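Notes below, in the order I looked things up.

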Amino acid sequence: MIDEILRADLDAPRKQRHTVTRIFHRLVEEHRADVSYGMVRYYVASRKPEILVESGKAPLEAFVPQTHQPGHEAEVDFGDVSVRLAGELVTCYLFSFRLSHSGKAVHRVFASAGQVAFFEGHVHALVS
């Protein structure tokens with residue numbers, strides 16, 4: 001019964017579609033169904049997207065897993081961090097290195113974000 005109502009609502013204007021409450025009341029009043037509101041709400045929430053896909057009105061969701069070969073990809077970035085050094089607030093730079101395959105991450109704080117810090121961060125990340 002609920003599937004029929006949901007399929008009929010596909011062509012109905014937005015304001016005239018059935019709410020879960022209306023579907024529940026129709027089931028109880030018209031069909032003397034012994035069902036709880038929570039069960040109707042749960043069923044509608046799971047079935048409505050399926051019916052939309054079946055009718056072609058919603059795209060089929062697909063999952064494409066990401067695959068990263070070991071050692072082939074990494075992400076590197078610098079970010080500003082404030083550090084209290086000898087009681088004084090100093091801006092330093094956080095080197096962040098993350099390997100895509102394993103998710104291993106290495107972080108180091110440097111006084112600058114220059115080329116020397118960039119290379120030193122890589123050496124530390126790849127050696128440790």
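I started with Lys57, which counts as partly exposed at 48% relative accessibility. This is a predicted model, so I read every value below as computed from it. The side chain of Lys57 meets that of Asp11 in a salt bridge, 3.5 Å from N to O. The two sit 46 residues apart, Asp11 in the loop between α1 and α2 and Lys57 in the loop between α3 and β1. Asp11 is exposed, with a relative accessible area of 67%.

Next I checked Glu75 and Arg98. They form a salt bridge too, with the closest N and O atoms 3.7 Å apart. Glu75 is in strand β1 and Arg98 in strand β2 (residues 88–99), so this pair ties together parts 23 residues apart in sequence. Both come out partly exposed: Glu75 at 47%, Arg98 at 33%.

Then I went to Arg47, which bridges to Asp3 at 3.2 Å, N to O. Here helix α3 (Arg47) is linked to helix α1 (Asp3), across 44 residues. Are these two buried or exposed? Arg47 counts as buried at 12% relative accessibility, and Asp3 is buried at 17%; the cut-off for buried is under 20%. I also noted that shared partners join Asp3, Arg7, Arg47, Glu50 and Glu54 into one salt-bridge network. My tally for salt bridges is seven.

Arg14, Lys15, Arg17 and Lys48 make a positive one. I looked up Lys15 in particular: it is in the loop between α1 (2–9) and α2 (20–31), and it is exposed at 83% relative accessible area. A nonpolar patch of about 250 Å² is made by Val76, Phe118 and Phe119. Val76 belongs to strand β1 (residues 74–85) and is partly exposed, at 32%.

Last, the overall picture. I find four helices and three strands in the protein chain, running α-α-α-β-β-β-α from the N terminus. The radius of gyration is 28 Å, well over the 14 Å that the globule rule gives for 128 residues, so the chain is more spread out than a compact globule. The C-alpha atoms fill a box of roughly 75 × 40 × 30 Å along the principal axes. Of the 128 residues, 20% count as buried.

Definitions and conventions:
Residues numbered from 1 in each chain as written. Predicted model: local features only at pLDDT ≥ 70, side-chain atom pairs only at ≥ 80, totals over all residues. Heavy atoms only, no water. Patch = residues over 30% accessible without salt bridge, like charges linked within 9 Å, V, L, I, M, F, W, Y side chains within 5 Å. Areas by Shrake-Rupley, 256 points an atom, 1.4 Å probe, with all protein chains shown as cover. Salt bridge = Lys/Arg side-chain N within 4 Å of Asp/Glu carboxyl O. Lys, Arg positive; Asp, Glu negative; His and termini not counted. Charge placed at Lys NZ, Arg CZ, Asp CG, Glu CD. Buried < 20%, exposed > 50% of the residue type's maximum accessible area, 1.4 Å probe, protein only. Rg over C-alpha atoms; globule rule 2.2 N^0.38 Å.
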